[in-house]
Number of protein chains: 2
Amino acid sequence: MRAEIISVGDELLRGYTVNTNTAYLAKNLADLGYDVNFQTVVGDCEKDIFDAIRIAVTRSHVIVFTGGLGPTEDDMTKEVVAKALGLKLVYDQPTAEKLEKQLAQRGIEPTGAPMKQAYVIDGCMVLRNDNGTAPGILLQKGNQVIVLLPGPPRELEPMFQNGVKPFLMSFSDVCCESATIRVVGLGEPTVEQSLGELLYGVNPHAALYVNTGEVLVRVFARGTDQEEARRLCREHVEKIKAVLGSYVYGEGDRDLAETVVELLKEKKLHLATAESCTGGLVAAKVTAVAGSSAVFDYGVACYADWVKKHALSVGSSVVKKYTTVSSPCAGEMAKGALSAGKADIAVGITGIAGPGSGDYGDGHFPVGLVFIGVADKKKVVVKKFTFGDL
Amino acid sequence: MRAEIISVGDELLRGYTVNTNTAYLAKNLADLGYDVNFQTVVGDCEKDIFDAIRIAVTRSHVIVFTGGLGPTEDDMTKEVVAKALGLKLVYDQPTAEKLEKQLAQRGIEPTGAPMKQAYVIDGCMVLRNDNGTAPGILLQKGNQVIVLLPGPPRELEPMFQNGVKPFLMSFSDVCCESATIRVVGLGEPTVEQSLGELLYGVNPHAALYVNTGEVLVRVFARGTDQEEARRLCREHVEKIKAVLGSYVYGEGDRDLAETVVELLKEKKLHLATAESCTGGLVAAKVTAVAGSSAVFDYGVACYADWVKKHALSVGSSVVKKYTTVSSPCAGEMAKGALSAGKADIAVGITGIAGPGSGDYGDGHFPVGLVFIGVADKKKVVVKKFTFGDL
């Protein structure tokens, strides 16, 4: 079934806000088996919204609007969509009561503009907003569904998951299943080449997408029933995992930092970090994971050479002989962090991250040259990386 | 003059890639005085691209396409646009020669699919691609301009700046000037309320947009000549700065971290950091700025209490009496970092950043409660913050 997404808002048209909602919705609609064929952005302008919905109903089964549901004069999605479809707005008592409570909590009078949000399109299903005041709207007309969602992602995303997704699952005429395989240590071209014909098939379908520092392989399968879809999807996932081997670090939504924290918890290990060129980024990523305090005590950003010596006991002779951009220095840093952080495992990172040239001390190094050392109580391993365009 | 942006690519439709190009182009087109009225995303599908261009030419003066210029079969923007406009593709000798060189460097045969990129639309201006193989295309037909740009931002952005912007500046019938005022320490609603009628006017126009941790006020003015536009813009900027006072930390493209590094360089000061709840994020932000090694030596992520005591000499009595989530602890951390980092100024950050609950030690704290201490050789200042929805 064909789907399209129409985003409403001057802030999107003018580029003040990057449109992340469409990527979110597109991914979720695709996972439910809908083919997203168009995405459109129009401003807070009656004529343009009107034209957008008139065009959309001629070509799509599912039409999802985002934005323009708020209380101000500029917010007019609901009104214009109703008009274009020849439907009325009606006052929704339960929405009004909820709204009055929310407004009271914020000390706002429940009259005038804010109460505009109590009106919904006649015959619609009202979608509860747990994180804001504007309710969403889901309207079925024959074999078409029109959904109106608020613009802020923290309101839109739970509303989609809780209200829209269950409806669209039963509305769709296909059963489907999707999975995400997470890959680290290989670039996109290498993953693409390795997987060859396992990618871009029709059913099951697999495609790549690139996050900072990782590649995700998304697998999608359709079946005559859920069981078949699941089987096709799982078989394809296993084939892909067999090719990529240990470069696969996980499946699903859990990212690299979460996976690392989870593994450390499981193995009851404490991690410490010593970072030169990354300046604390690894520590920040790890500590951003909920519950990381169970596995992380200490990290040091040792930007200056004297800090490497002082806080991490990196030997002067090592620095003199190899410079701080070297494999021995990364190893010493990891050992130093292990000891200073009273940890079970530690990482030491030194290199030329850029921006700026690779002039450092007396030497010149290529930007992207990085040494990463890992130490535990028994040994130290250092690997050299040459990161290209990231 | 009316502008619209049409992005081509299945990866956008399926949500694998967030469409950052449209925000970039929209902002730049607005700064040049063009009103962006529509943004559309279509897939790698001849019919949909064809329909998009046919609709666009009926309503916009400037039409910018992104994506679909590469060598593969899926890439067809150029071909379909030419067809829709009744124009031919012609072999461009200079492009072909440049392409052959680029392909040779990568060890690719200069035949077949890659050489498809040597064809351009008859009568167009060819836009040089300094970061890739596909040239861009700029086509003027009467009072309309159609621009075709490659999808990767690192190819698109310089091509827009060097090739498209100069053309559109002289094509536009208005002179305009824009500026960005950067604000930190105030939320968007507060900025909006403070500025009142200085916002959302017609000419000069000012609008807000929100980055992580800061609010930007973008000012835009039109004039009969450049001089008038500049004067209107500057006058409005000064009015806004007068209202926001010291919450304005800069103007233009330089962000908060860059501003901090610049100020430190100017004042010849060294910064050190001690971070508990932020776990190294401040150090990472500072060290990501080119040239930061001149002002930053040392940062510590002191997630565990023993690290606060050991690496930063935070007194046991302070921790016992006030806990580590306290103003005295933040102050001690800043002092400790000042000393351990041999710095002139230091920051100590402790609090409950979330995610997860605010249970910590024996106490329970609200998520978002953060103490930030700043120390120099003479004094220590600590401020308490209660960060809400960020």
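The following legends describe close-up views of a predicted model. Local features require pLDDT of at least 70 and side-chain atom pairs count only at pLDDT 80 or more, whereas totals for chains, interfaces and linings use all residues. Residues are numbered from 1 along each chain as its sequence is written, chains are lettered from A and ligands numbered from 1 in the order in which they are written, and side-chain values use heavy atoms, with hydrogens and water left out.

View 1. Helix α8(B) comprises residues 226-244; helices (H or I, at least four residues) and strands (E, at least two) are DSSP runs, numbered from the N terminus. Its 19 residues reach 27 Å from the first C-alpha to the last, close to the 27 Å expected at 1.5 Å a residue, where the expected span is 1.5 Å times one less than the number of residues. B:Ala229, B:Leu232, B:Cys233, B:His236, B:Val237, B:Ile240 and B:Leu244 are buried. They lie on the same side of α8(B) because they cover an arc of only 130° around the axis, the arc being that of the directions from the helix axis to the C-beta atoms. Buried denotes under 20% relative accessible area, exposed over 50%, and partly exposed in between (1.4 Å probe, protein chains only). The face turned away from the buried side carries the exposed residues B:Glu227 and B:Ala242. In chain B, the buried residues of α8(B) pack against β9 (175-183), α7 (188-195), β10 (205-211), β11 (214-223) and β12 (248-251), with contact meaning heavy atoms within 4.5 Å. B:Gly245 follows α8(B) and has a positive phi, near 55°.

**View 2. The crossing of α7 and α8 in chain B.** The axes of α7(B) and α8(B) come within 10 Å and cross at roughly 115°; axes are lines fitted to C-alpha atoms, for helices over the stretch in contact, and angles run from 0 to 180 degrees between N-to-C directions. B:Val191, B:Ser194 and B:Leu195 of α7(B) make the contact with B:Ile240, B:Val243 and B:Leu244 of α8(B).

**View 3. Helix α3 of chain B.** The twelve residues of α3(B), residues 46-57, should span 16 Å at 1.5 Å a residue, and the end C-alpha atoms are 17 Å apart, in agreement. B:Asp48, B:Ile49, B:Ala52, B:Ile53 and B:Ala56 are its buried residues. Viewed down the helix axis they fall within an arc of 130°, so they line one face of α3(B).

**View 4. B:Asn37 and its surroundings in both chains.** B:Asn37 belongs to strand β2 (residues 35-42) of chain B and is buried, with a relative accessible area of 14%. A polar atom of its side chain lies 3.1 Å from the backbone oxygen of B:Asp35. Leaving aside residues up to four places away in sequence, B:Asn37 touches A:Leu13, A:Val41, A:Val42, A:Gly43, A:Asp48, B:Arg2 and B:Ala3.

View 5. A:Met1 is in the segment before β1 (2-8) and is partly exposed, at a relative accessible area of 22%. Its C-alpha atom is separated by 15 Å from that of A:Lys165, 164 residues apart along the chain. Not counting residues up to four places away in sequence, A:Met1 touches A:Gly33, A:Tyr34, A:Asp35, A:His61, A:Phe171, A:Ser172 and A:Asp173. A:Glu4 lies in strand β1 and is buried, with a relative accessible area of 0%. Contacts of A:Glu4 beyond four places in sequence include A:Phe38, A:Thr40, A:Arg59 and A:Val62.

View 6. Most residues other than glycine have a negative phi, and most peptide bonds are trans. The bond from A:Asn203 to A:Pro204 is cis, with omega near 0°, and a cis peptide bond also joins B:Asn203 and B:Pro204, with omega about 0°. A:Pro204 is in the loop between α7 (188-195) and β10 (205-211) of chain A. A:Tyr200, in the loop between α7 and β10 of chain A, has a positive phi near 60° and is partly exposed, at 47% relative accessible area. A:Ser313 has a positive phi of about 55°; this residue lies in the loop between α11 (305-312) and α12 (316-322) of chain A and counts as exposed at 58% relative accessibility.

Methods: A polar contact is a pair of N or O atoms within 3.5 Å; within protein, one must be able to donate a hydrogen and the other to accept it, and residues adjacent in sequence count only if both atoms are side-chain atoms.
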